[in-house]
Structures are given as structure tokens and as C-alpha cells.
Amino acid sequence: MTKKQKQTLWRIVASAALLVWAALGPTLWLPGNVPFLSVGRVAEDGTAAFFLAPWVRFLIPYLVIGWDVLWRAVRNIAHGQIFDENFLMAIATVGALCIGEYAESVFVMLFYQVGELFQSYAVGRSRQSIAELMEIRPDYANVERDGTVEQVDPDEVEVGETIVIKAGERVPLDGVVLEGRSDLDTAALTGESLPREVQSGDDVISGCVNLTGLLKVRVTRAFEESTVSKILDLVENAGSKKAKAENFITKFARYYTPTVVLAAVALALLPPLVGAVGWSESLHRALIFLVISCPCALVISVPLSFFGGIGGASKAGVLVKGGAYLEVLARAQIVVFDKTGTLTKGVFNVTAVHPEQCGEDRLLELAALAESWSEHPISRSLREAYGKEVDASRVTDVEEHSGRGVHAKVDGQEIWVGNDKLMDSIGVSWHPCHRVGTTVHVAAKGEYLGHIVISDEVKEDAAQAVADLKALGVAKTVMLTGDAKAVGESVAAQLGLDEVHTQLLPADKVEQVEALLSEKTGKGCLAFVGDGINDAPVLSRADIGIAMGGLGSDAAIEAADVVLMDDKPSKIAVAIRIAQKTLVIVRQNIVFALGVKALVLVLGAVGEANLWEAVFADVGVSVIAILNAMRAMKGTGGR
């Protein structure tokens with residue numbers, strides 16, 4: 001509990017005690033008549049006696065609990081912001097004091113402050129869940145300079161420098177391990193409790209905690225470009241993307257509040273003018289109407305529900321850029337997947353080498369050299385299979401063909417390495433391989449030299465992820481891939497996908513998504529799930545883009561609306577469940593708040609509701625709605 005919350009709690013307790021004293025305490029007699037402050041009474045002996053007026057006794061607890069509300073109302077009026085909950089509470093409670101409803105006036109303000117305390121606590125809890133993620137920000141970095149280790153701010157470390165990370169310290173910057181072996185705690189980023197083992201040559205990302213050994217790491221990104229900086233920027237700006245329900249409530253309150261104030265004025269003036277009721281009764285009904293009409297239950301609980309959903313999702317390792325994306329995610333009807341790195345591990349291994357015009361070693365050497373400048377997973381697997389140091393000086397005139405392969409000169413000889421489409425484009429006859437996998441063809445001087453088969457493993461939870469999505473009501477699951485038809489269809493059948501499209505270039509994927517968008521019905525949405533590196537156009541075109549492999553992927557964090565901070569496709573269903581749960585809570589709060597208020601407003605207008613019922617319709621409904629909204633913070637993704 002914050003210092004301000006503790007102060008509010010003490011004011012509530014003090015005001016409650018003073019209210020009990022004002023209502024039940026002994027009469028305070030005065031030595032004489034004090035204008036406005038005393039009330040006279042004729043004693044048994046016929047003499048006049050004076051005691052403290054009841055309104056003074058009740059004014060003390062009222063000011064203790066309500067002075068800040070009165071001050072905010074006056075300040076906002078001075079700034080032109082008249083119709084807010086502070087104004088409504090001030091005019092209603094001061095009016096109640098004026099007509100002699102002293103106890104009710106204090107209790108309304110007291111109950112209102114209890115509701116504000118609940119709101120403050122609930123928002124604090126939600127912020128805390130996101131603040132836990134914000135703790136990934138590193139405080140310092142140990143950098144090696146001139147043979148000594150200096151402790152500096154992370155943003156002072158340059159790319160290429162070596163940092164030392166001791167056991168128990170947080171990884172301050174992205175880099176590659178030079179020396180050492182250790183386990184990293186990635187829970188703050190991924191929501192996973194299982195540590196990740198790293199050793200020399202492995203990538204490490206900022207925000208993780210080094211659990212065991214000493215690591216020496218070469219920095220590969222400046223702090224402002226690091227994973228932790230991008231994640232923190234994403235989370236800090238999540239509130240700017242408001243959902244339609246949040247925007248509706250904001251507009252609703254803007255017009256609703258002045259409307260009910262005018263209605264209350266009419267309720268105070270019209271009945272006495274037509275002789276229906278007296279002025280005192282009419283004013284009493286108008287004040288009750290004002291207390292009931294305060295929109296804080298909606299204004300507070302709806303944004304809090306979305307904020308809680310975002311915070312709860314972050315606990316599960318799912319970063320959502322705003323409430324608007326939670327709203328869209330909850331209506332996912334078609335889910336489209338990229339294959340490599342999304343449903344498969346993206347770790348390719350050479351499983352077969354089939355030469356025709358040269359030996360196996362020569363075929364693998366030519367392919368590895370031609371692909372030596374590329375960081376594509378297939379290129380890396382070719383170099384790993386080659387197993388020797390690649391002499392880059394032997395390679396010149398490298399030209400990449402997007403979605404097809406590469407053309408280069410190796411030892412002055414033109415080499416073409418790529419898929420079927422690349423071979424067709426240069427007029428080389430090729431033939432398919434009987435092995436299931438990605439076939440990489442190699443050609444030189446217009447002659448077909450042979451092909452290499454590379455296979456990728458399906459992720460352990462991919463099939464379960466597809467099954468979970470269907471259980472959530474997703475109508476269609478589709479895979480789009482640039483791989484050969486046999487490979488794509490094999491993976492799709494293994495995972496139980498409804499549809500697969502193969503041999504696609506990036507532009508072809510956009511066309512397929514356009515066609516799938518036309519298949520949506522009602523308010524259904526299309527989600528595209530990709531690795532965020534080569535799929536930026538499709539991520540942008542889909543109703544909502546979800547990036548897999550968020551660890552260390554700049555493009556994933558920038559292009560997607562939702563980032564899964566590990567590479568598990570099962571987290572997609574978790575994210576959708578959290579979004580659906582959040583939307584259910586929002587709808588519950590809207591229906592409950594408007595329903596109760598409408599009923600009590602009618603009762604208040606006809607004189608069948610008193611201030612106590614008005615208090616429940618305002619603050620009571622707010623407290624219940626806030627407590628309901630807090631359920632969104634659990635972030636379990638359960639039903």
C-alpha cells in the first residue's frame with residue numbers, strides 16, 4: 001500500500017469514528033448563544049440553554065473525508081472541467097447538508113472515498129504486474145577496458161566491447177558469449193520457469209538473470225537498440241492503444257454527465273412548479289439522482305479491465321501493445337501461420353547430399369561458399385554441414401533472390417544455389433528428391449550439379465497449439481510457407497491444420513492473406529503468426545499480427561501487435577483466452593453498472609430511493625465492478 005493510500009485509509013477510519021460520535025455522542029452544551037453554531041432549548045426551569053448545532057458536529061467528519069473532493073471540484077471548475085465525479089459528489093453532499101441530511105451527506109462522501117481507495121489499490125496491483133516486467137531494466141554493466149573491469153551505465157557501453165556478467169546479475173545488453181557456461185533465468189521475459197543453458201558462441205539477450213557461472217559477452221547491440229529497451233518501450237506505450245470499449249466509455253462520460261446534471265436540475269424545479277411535490281422533497285430527489293448518476297463505475301472499471309488484461313498477459317510472457325489488440329484478439333476466427341520458426345524450430349540440418357556432376361564434398365563446399373554471406377537458417381545449416389572454415393575471399397558478386405536463393409561467383413565460377421523456382425528462372429533442368437525436406441539445388445554454368453536435402457523439426461507443442469485454437473472456436477487454421485509442396489503438406493498433416501499453401505514468395509503470402517480476409521464472417525478477425533523477420537508485410541496486413549520468437553527479434557517487436565516472448569505456439573491460445581476473459585469482464589461491468597444505475601435512477605426520480613440506496617448504486621456498484629476487473633490481472637489464460 002502506498003503512502004497516499006495509507007493516508008486515505010486513516011482519513012476513512014478517523015471520519016468514520018467522528019461520524020459515530022456526531023450521531024451517537026453526548027450533546028455538547030455551550031455557555032451561551034453563538035450565532036449559526038448553537039441551537040437553543042428551554043430548560044425545565046424555564047431558562048434558555050444552548051448546545052452545538054448538529055450540522056457543526058457532522059461537518060467535522062465531512063471535511064476530514066471530503067476536503068480533497070471539494071478542492072478538486074473547485075479547481076476543475078476553474079479550469080473549465082465542470083462535469084466530473086468530483087463535481088457530482090460535491091454538489092450532492094453539500095446539497096444534502098443544506099437540507100438537513102447530515103449523516104447521509106457524510107456517509108455518501110465516506111463511501112465514495114472507500115470506493116476510490118479500492119480503485120487506487122486495483123490500479124496499483126495492475127501496474128505492479130507490469131512493473132515486475134519493468135524490473136528487467138539493468139542498472140549497470142561490467143565492461144572490460146584496458147585490462148580492468150569498470151561498472152558503468154549500460155547505455156555507455158559500445159557495440160563490440162566485452163562485458164562480464166557475474167552469477168546473480170542481470171544481463172545488461174544483447175551479445176554473444178565469448179567465455180563461460182551458465183544458466184539464464186528468462187522468466188521475466190517469457191513467463192517460463194525453466195532456465196536456459198548458454199555457453200561459448202550462444203546469443204544472450206538483455207533482461208535475463210545469470211544464475212550460476214561467470215560469462216564474458218561481446219556486445220552486439222547498443223542499449224537503445226537492445227531487446228530490453230524495445231520491450232520496455234512497448235509496455236510503457238501500451239496504454240495509448242485504447243480499445244473501442246474504452247473509447248466508447250470516454251465519449252459516453254463526456255455527454256452522460258452534463259445530461260444527468262441537467263436532468264437533476266429539471267427534477268428539482270419542475271415538480272414543485274406544477275404542485276406535484278414540495279421544494280424540499282424535490283431537491284432531495286434531485287440530490288439522490290445526482291449521487292446515483294455518477295459514472296465512475298464505468299469510467300474506472302472498463303479501462304482497468306483492459307489494463308489488467310495487459311498486465312496479466314505480461315505475466316504469461318505475452319506482450320500486448322494495447323487494449324485495442326486484446327479486443328481484436330478475442331474475436332480471432334482465422335489463424336494463419338508461417339512455418340519456419342513458428343510451427344517448426346527453424347533449426348535446419350542437412351539430412352542428404354545427392355550429387356550428379358561432382359562429389360558430395362564438392363557439392364556441399366560450393367553451396368556453403370555461395371551462401372557464406374547469408375544469415376538465413378538454411379545458409380547456416382549448409383555452413384555447419386560443410387564443417388570447415390569458410391574462406392570468404394573466394395566468394396564475389398553475391399546476389400540474393402528473395403524467396404528463391406542466391407547467385408554468386410566461387411573461385412570465379414558462377415554458382416546458383418536455391419529452390420525449384422531459381423532453377424526454372426535460369427533454365428536449368430532439375431528433378432525432385434524422394435526425401436521429405438527442403439531441397440536446395442546447386443547449378444554451375446547452366447548445368448545441374450545436384451541437390452542437398454535440409455530438414456526442420458516441428459516444435460513439440462505445435463500440434464497441441466492447433467488443437468487448443470480449435471477448442472477456443474477458431475474456425476480455420478492455415479499455414480503459408482515458401483517450402484516445397486511435399487514438405488508443407490507433410491507438416492500440415494502432422495499438425496492437423498485445415499489448409500496449407502506452399503512455394504510462396506513474401507508477396508504471395510500477402511495475396512493469400514487477402515483472400516482469407518474475404519472469408520471472415522460477422523465480427524471475426526484474422527490473426528497472422530510469424531517470426532517477425534521476413535513477414536512484416538503480412539503481419540501489417542492481418543487484423544492482428546502475432547510475432548513468434550520475440551527473444552532478440554527487432555522486427556518482431558516493431559511489426560507485430562502481440563509479441564510472444566518465447567517461441568512456443570501454445571502461447572497463442574493462452575493469449576486468446578486472456579483476451580476473451582478480459583472482454584467478458586468488460587461486458588459484465590458495463591451491463592451490471594448500467595442496469596443497476598438505470599433501475600435506481602428511476603426509483604430516485606419517483607421518490608422511492610433514499611441516499612443510502614443511491615450510495616450503493618454509485619460507490620457500491622463501482623467497488624463490485626473494480627473487484628470484478630481485478631480478475632483480469634491473474635493472466636492464467638484459463639476459462
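**Briefing: side-chain contacts and burial in a predicted model**

Cys525 counts as buried, with a relative accessibility of 6%. The structure is a predicted model. Cys208 is likewise buried, at a relative accessible area of 0%, and a search of the whole structure finds zero disulfides. The salt bridges number 21, and there is one aromatic pair.

**Aromatic rings**

- The one aromatic pair is formed by Phe58 and Tyr102, which are stacked with 6.0 Å centre to centre and 20° between the planes.
- This pair links distant parts of the chain, as Phe58 belongs to helix α2 (residues 54–78) and Tyr102 to helix α4 (residues 102–134), 44 residues apart.
- Phe58 is buried at 8% relative accessibility, whereas Tyr102 is partly exposed, with a relative accessible area of 21%.
- Arg57 places its charged end over the ring of Trp21, 4.8 Å from the ring centre.

**Salt bridges**

- Within helix α8 (residues 279–293), Glu281 and Arg285 are four residues apart, and therefore separated by about one helical turn.
- These two residues form a salt bridge whose closest N and O atoms are 3.1 Å apart; Glu281 is partly exposed at 33% relative accessibility, while Arg285 is buried with a relative accessible area of 17%.
- Asp338 and Lys509 meet through their side chains in a salt bridge of 3.0 Å, N to O.
- That bridge links distant parts of the chain, with Asp338 in strand β14 and Lys509 in helix α16 (residues 506–517), 171 residues apart.
- Asp338 is buried at 5% relative accessibility, and Lys509 is buried with a relative accessible area of 9%.
- A further salt bridge joins the side chains of Lys345 and Glu457 (3.6 Å, N to O).
- Because Lys345 lies in strand β15 (residues 344–355) and Glu457 in strand β20, this pair ties together parts that are 112 residues apart in sequence.
- Lys345 is partly exposed at 31% relative accessibility, as is Glu457 at 46%.

- In helix α14 (residues 462–471), the buried residues are Ala462, Ala465, Val466, Asp468 and Leu469.
- These residues cover an arc of only 160° around the axis, so they lie on the same side of α14.
- The elements covering the buried residues of α14 include β14 (332–338), β20 (447–458), β21 (476–480), α15 (485–495) and α19 (570–605).
- Just after α14, Gly473 adopts a positive phi of about 105°.

Definitions and conventions: Residues are numbered from 1 along each chain as its sequence is written. This is a predicted model: local features need pLDDT of at least 70, side-chain atom pairs count only at pLDDT 80 or more; totals for chains, interfaces and linings use all residues. Side-chain values use heavy atoms; hydrogens and water are left out. Buried means under 20% relative accessible area, exposed over 50%, partly exposed in between (1.4 Å probe, protein chains only). Helices (H or I, at least four residues) and strands (E, at least two) are DSSP runs, numbered from the N terminus. The arc is that of the directions from the helix axis to the C-beta atoms. Contact means heavy atoms within 4.5 Å. Rings of Phe, Tyr and Trp (its six-membered ring) pair if their centres lie within 6.5 Å; planes under 30 degrees apart count as stacked, over 60 as edge-to-face and the rest as tilted. A charge sits over a ring if NZ of Lys or CZ of Arg is within 6 Å of the ring centre and within 35 degrees of the ring normal. A disulfide is a pair of cysteine sulfur atoms within 2.5 Å. A salt bridge is a side-chain nitrogen of Lys or Arg within 4 Å of a carboxyl oxygen of Asp or Glu.
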